[in-house]
Amino acid sequence: MTTEEFFKELALLERDNAFRFDDLRARLPFGVDGDNRICVAGQRECVFTHACVTGRGRTEFIRRFVLSLVGAYANEQTNFVILSPKREYADLLRLNRANVVAPLINNLDGVWKALEFARTQALLKAKLGESYGKLFLVLDGLETLSNGNYDCYLPFLNLAQAFGVDIITGVDFLGGIFEDRPQDFVGAGNCLITVSNTQTADVVYAQKDGSLTLPVSVQYPSEPSVLESLAFVNKLS
């Protein structure tokens, strides 16, 4: 699936059913299932949406996820705070349809400084309301920092829950403290996305009773390149 094809699906939905489009957009659309239904990261009962991405290729998936969100909110203000030791996210600074802050995080001191910045943005969003626009937090690979672990994510998740801010995390569950019960990390109503290859991902949702749904294979926008897709998003009217 190309980025343009996915955006056409969203545009058709907006034309035919604006209410459903707004509902799905608010729960973070990222691809389509085998029946060509748009898949979202969060279920309706979520206080905030948390999409946790793991598997090989997760960083490229997340970058494309961000592009999908910018396209879905093409005519509205979006703000992304992207925190990662991975340099690939610098490409997203080229987006002209969103405010993107993406400092390169090299150590735990950088994580805690970034947390304070994220908290400032969440407070500003709460104060300004709709005039601020949408705020998204994106975290990837913080556990790989020297002396880092999965605890690095928890203050951001608490912040997201407290202020109703949507969050995308990219983690490696192998050997992690959430390996046995990833649903505790994801949160009820939210999803765990495992990128299986460059075109599809398996998605499960955490239930209120602590169980996980059966996995669903989802096709996500994987073509053209991230930079070409970014240029396409920048040209959206």
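**Close-up views of a predicted model**

View 1. A search of the whole structure, which is a predicted model, finds 0 disulfides. A disulfide is a covalent bond between the sulfur atoms of two cysteines. The sulfur of cysteine 52 has that of cysteine 191 as its closest cysteine sulfur, but the 8.3 Å between them is too far for a bond, given that a disulfide is counted only for sulfur atoms within 2.5 Å.

View 2. In soluble globular proteins, nonpolar side chains tend to be buried together. The largest nonpolar core in this model has 48 residues, of which Phe30, Phe61, Phe65, Phe80, Leu92, Leu95 and Ile193 touch the most other members. Helix H3, spanning residues 58-72, supplies the largest share of this core, with 8 residues. Another core, of 31 residues, lies apart from it and includes Cys52, Ala122, Leu139 and Cys152.

**View 3. Surroundings of leucine 95.** When neighbours within four places in sequence are left aside, leucine 95 is in contact with Val66, Leu67, Val70, Val100, Leu230, Val233 and Asn234. Leucine 95 is also one of the residues that touch the most other members of the largest nonpolar core.

**View 4. Packing of helix H3 with helix H7.** The axes of H3 and of helix H7, which spans residues 226-234, come within 10 Å and cross at roughly 10°. Because angles under 35 degrees count as roughly parallel, H3 and H7 are described as roughly parallel to each other. From H3 the contact is made by Glu60, Arg63, Arg64, Leu67, Val70 and Gly71, and from H7 by Val226, Ser229, Leu230 and Val233. By residue type, this contact of H3 with H7 divides into 5 nonpolar, 2 polar and 3 charged residues.

**View 5. Threonine 78 in strand E4.** Threonine 78 is located in strand E4, made up of residues 78-83, and counts as buried at 0% relative accessibility. Residues up to four places away in sequence not being counted, threonine 78 touches Val70, Tyr73, Arg97, Ala98, Asn99, Lys134 and Phe136. Phenylalanine 136 is 58 residues apart from threonine 78 along the chain, yet their C-alpha atoms are separated by 7.8 Å.

Notes
Residues are numbered from 1 along each chain as its sequence is written. This is a predicted model: local features need pLDDT of at least 70, side-chain atom pairs count only at pLDDT 80 or more; totals for chains, interfaces and linings use all residues. Side-chain values use heavy atoms; hydrogens and water are left out. A nonpolar core is a set of buried Ala, Val, Leu, Ile, Met, Phe, Trp, Tyr and Cys residues joined through side-chain atoms within 4.5 Å. Buried means under 20% relative accessible area, exposed over 50%, partly exposed in between (1.4 Å probe, protein chains only). Helices (H or I, at least four residues) and strands (E, at least two) are DSSP runs, numbered from the N terminus. Contact means heavy atoms within 4.5 Å. Axes are lines fitted to C-alpha atoms, for helices over the stretch in contact, and angles run from 0 to 180 degrees between N-to-C directions. Angles under 35 degrees count as roughly parallel, over 145 as roughly antiparallel, 65 to 115 as roughly perpendicular and the rest as oblique. Ala, Val, Leu, Ile, Met, Phe, Trp, Tyr, Cys and Pro count as nonpolar, Asp, Glu, Lys and Arg as charged, and the others, Gly among them, as polar.
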